[in-house]
Every structure is written in structure tokens, then in C-alpha cells.
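My notes follow the order in which I looked things up.

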Amino acid sequence: MDYTSILSSTVQDIKPSGIRKFFDLLENMEDVVALTVGQPDFATPWHIREAGIASLEQGKTYYTSNAGTIDLRRAIAEYLERRFDLRYNAEHEVIVTVGGSEAIDLAFRALINPGDEVIVPTPSFVCYGPLAELCHGKPVYIETKAKDNFKLTAQDLRAAITPKTKLLVLPFPNNPTGAIMTREDLESIAAVLRDTNIMVLSDEIYGELTYGRRHISVASIDGMAERTIIASGFSKAYAMTGWRMGYLAAPAELARQMLKIHQYAVMCAPTTSQFAAIEAMRNGDEDIEYMAAEYNRRRRYIVKGLREIGLPCFEPEGAFYVFPEIGALGLSSEEFCERLLQESGVAIVPGTAFGAGGEGFARISYAYSVKHITEALERMGKFIQTLR
């Protein structure tokens with residue numbers, strides 16, 4: 001059978017994730033020190049797991065409301081107000097999703113018509129451009145720069161806007177660079193958007209993982225809540241990646257449209273995970289602080305170590321990634337990472353997996369133990385010496 005003639009041409013034209021392509025190289029290798037995965041190395045805190053277990057023991061294995069249990073939606077609304085000074089109506093403006101990924105997908109599908117343009121700062125996580133293309137929209141990439149601390153500038157945003165611009169993605173704190181946007185930065189962005197009909201998708205999955213200053217949501221900037229969809233979740237802050245729990249918060253009319261897609265696509269998020277998530281929202285603040293403090297210790301350690309072995313490194317202020325410069329070593333990002341893996345047994349991700357703006361860089365996750373990071377740095381240092 002000729003599947004090429006049957007499959008969607010849009011899907012066939014989309015390139016596979018550059019991250020997944022690189023991971024394939026690891027399958028048959030031994031003695032590899034991997035700093036690749038953006039997954040906390042902590043177990044989900046026990047009291048959160050216990051809440052999920054208790055729900056199973058009590059037979060709470062039924063469908064919930066499409067939007068999620070009202071108790072969880074209320075807990076999310078209370079959390080957003082307590083932690084980020086955001087106010088959302090739990091009944092009409094919050095939807096519980098299957099991970100933050102579904103929340104992002106819902107926003108694209110609810111907003112994008114064929115031909116609409118979606119502005120995506122790059123380097124950034126791999127999903128935004130392909131999701132725009134699946135909706136027959138056009139991603140418009142803005143390359144953020146190390147000299148600007150990998151922030152989106154108002155000047156670059158203004159230059160990218162056209163009459164077809166429908167959506168701006170704000171992926172901060174950023175994967176892969178660790179960049180954040182301050183209140184002043186966001187106010188400058190808001191000034192560009194205020195007299196337009198451009199919407200904002202604010203991916204705040206790393207909002208609890210900032211170092212030295214609290215995360216500021218663009219929805220808290222004057223006039224921005226009405227044009228902002230917040231996508232977030234539990235995976236990073238609470239070490240709950242496998243629970244597949246996320247949420248979105250948006251004005252009621254937008255949420256109502258996204259809920260229709262959610263109803264037909266997944267019905268509702270996993271019930272057991274929802275009960276665990278209620279416990280996380282209500283009693284997990286200390287867990288957040290503990291894990292964030294440990295990531296901060298690793299962050300300082302790995303930045304210092306990378307600089308000592310000769311890799312210039314922007315100091316990240318959020319998430320749990322560093323983005324060192326490797327361009328001066330005479331190899332492309334992909335060549336560097338492939339040789340590092342093959343010759344030294346250290347796995348990191350080429351910066352180009354996150355867009356063209358990542359050439360000359362590599363992403364390293366520090367969601368690993370200091371012992372693990374130390375071994376990787378020692379091997380990397382020896383490898384770099386062979387290139388000089």
C-alpha cells in the first residue's frame with residue numbers, strides 16, 4: 001500500500017524532533033553519562049503520591065468533568081493568585097489538561113486559521129513551530145541573542161509583526177537557554193502588543209524554577225490578561241512528569257472554545273493524577289522551594305565547571321538547563337555533540353535541535369546529581385583538549 005498518498009501531507013512535511021533524533025544514538029551505547037533529559041531526578045514527593053494512591057484505594061477511578069474536578073481547578077486558581085498574583089475564575093477560566101503539552105496544543109488549535117502567522121522566539125522548545133504548521137499556520141522565528149541574554153526584545157518583536165500575525169509565543173523561563181523575562185522586559189513587549197489583536201501564549205511550565213528573582217507572568221502586566229493564554233503544569237516544579245498533568249488559564253470565552261477541543265480529543269485528564277495534583281497545589285510549596293534550591297546549587301556548579309574547561313556560558317536564571325557556546329571549537333553543534341558522545345561517552349543536545357538560533361551552542365540539563373554532572377564535566381574537559 002502506498003501510504004505516502006494516504007497520509008496527511010502536512011504531517012509528512014513536518015520534521016521529527018531534533019532531540020529525539022539525537023537520542024537514537026544512545027540506544028546501543030554503554031558507559032554514557034547523559035545530561036540530555038529535561039526531567040527532574042527527584043521522585044514525586046511522597047504526600048503527593050499518597051494522595052494519588054488514596055484516590056485509587058477509595059475507588060475514585062471514574063471520569064471527571066471535562067475541564068477537570070472543580071476542586072483541582074479551584075486549587076489551581078488559588079495557587080496562581082498565591083504564587084504569581086494572577087486571578088482566574090476556577091469554573092470558567094481554568095482547564096485541566098493532559099500535561100502542559102496539551103494546553104499548548106489547545107491554544108494553537110483554538111486560535112490559528114490557515115495562513116495566520118505565529119511568532120516564536122528561538123532557541124526554544126521544539127513543539128511550537130510544528131503545532132503552528134499542523135494548524136496550517138506559519139511560524140515566524142525571531143532569533144534571540146546571547147548579547148540580549150536570550151530575551152525577546154520589543155524592537156525585534158515589532159519588526160516581525162505583519163497584518164497576518166495572530167499569536168506570539170512567550171516561552172519563558174526558557175528551554176533551552178534558561179533565559180527569563182523581567183517585569184520591565186514584559187512591559188516593553190506589552191507596549192508593542194497593546195493596540196493590536198495579537199494573542200499571547202505564555203508557556204510557564206518552568207515558572208517556579210527561577211533563581212534570584214520571582215517569575216513574572218505576562219498576564220500580570222496591565223492590559224495583557226485579556227489577550228493571554230497561560231499554559232503550565234506539574235511536571236517540572238513537582239517532579240510529576242509521568243502523571244501527565246497540566247492546565248491552562250485564559251479568559252472565559254477562549255477557555256470555552258478550547259474546552260470543546262479537549263472534550264472531543266481526550267474527554268478529561270487522568271483522574272488519579274488529578275487527586276495527586278490537588279495535594280501538590282495545596283501543600284506543595286515547600287517541595288518547590290526544596291527542589292529549586294537544589295537546582296540552583298547544581299546551576300552554579302555546572303556554570304563554573306563549564307567555564308573552567310573553556311566553554312563560555314550564559315548564566316541561566318530559570319529552568320534547569322545551561323546553553324554553553326561551542327562554536328569556537330571549529331565544529332557545528334551537531335558535530336560537536338556527536339563526537340562528544342562517540343569519543344567521550346557524554347550525551348548533550350545540539351543547540352540546533354531548538355531552532356536555527358541554536359547553532360554554535362549545546363543544551364545541557366542539570367536535572368541530575370552533582371556526582372553525575374562532575375563525571376560529565378571531567379570527560380568534556382578532556383575531549384575539548386583534543387580539539388584545541
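I started at His136, which is partly exposed, with a relative accessible area of 44%. My cut-offs: buried is under 20% relative accessible area, exposed is over 50%, and partly exposed is in between, with a 1.4 Å probe and protein chains only. This is a predicted model, so I kept to its limits: local features need pLDDT of at least 70, side-chain atom pairs count only at pLDDT 80 or more, and totals for chains, interfaces and linings use all residues. Residues are numbered from 1 along each chain as its sequence is written, and side-chain values use heavy atoms, with hydrogens and water left out.

What made me stop at His136 was its positive phi of about 65°, although it is not a glycine. His136 sits in the loop between helix 6 and strand 4 (138-143). Helices (H or I, at least four residues) and strands (E, at least two) are DSSP runs, numbered from the N terminus.

Asn149 also has a positive phi, about 55°, and is not a glycine. I found Asn149 in the loop between strand 4 and helix 7 (154-160). With a relative accessible area of 35%, Asn149 is partly exposed.

Next I went through the peptide bonds. Thr122 and Pro123 are joined by a cis bond, omega about 5°. Pro123 belongs to the loop between strand 3 (117-122) and helix 6 (128-134). Another cis bond joins Phe172 and Pro173, with omega about -5°. I placed Pro173 in the loop between strand 5 (165-170) and helix 8 (183-193).

**Two helices and a glycine**

How many of the 13 residues of helix 5 are buried? I got ten, so helix 5 is largely enclosed by the rest of the structure. Among them are Gly99, Glu102, Asp105 and Phe108. Helix 5 (residues 99-111) reaches 19 Å from its first C-alpha to its last, close to the expected 18 Å. That expectation is 1.5 Å times one less than the number of residues.

Helix 13 (residues 370-387) has 18 residues and reaches 26 Å, close to the 26 Å expected. Its buried residues include Val370, Arg379, Met380 and Ile384. What do they pack against? I listed strand 1 (33-34), helix 11 (285-308), helix 12 (333-344), strand 10 (346-347) and strand 12 (362-365).

I then looked at Gly129, in helix 6. Gly129 counts as buried, at 4% relative accessibility. Leaving aside neighbours within four places in sequence, Gly129 is in contact (heavy atoms within 4.5 Å) with Pro139 and Tyr141. Thr182 is 53 residues from Gly129 in sequence and 25 Å away in space, C-alpha to C-alpha.

**Whole chain**

I counted 13 helices and twelve strands in the protein. The radius of gyration, taken over C-alpha atoms, is 21 Å, which agrees with the value near 21 Å for a compact globule of 388 residues. The rule I used is 2.2 Å times the number of residues to the power 0.38. Along its principal axes the C-alpha trace spans about 60 × 55 × 55 Å. Buried residues make up 57% of the 388. Of the contacts with a separation of 6 or more, 76% are between residues 24 or more positions apart.
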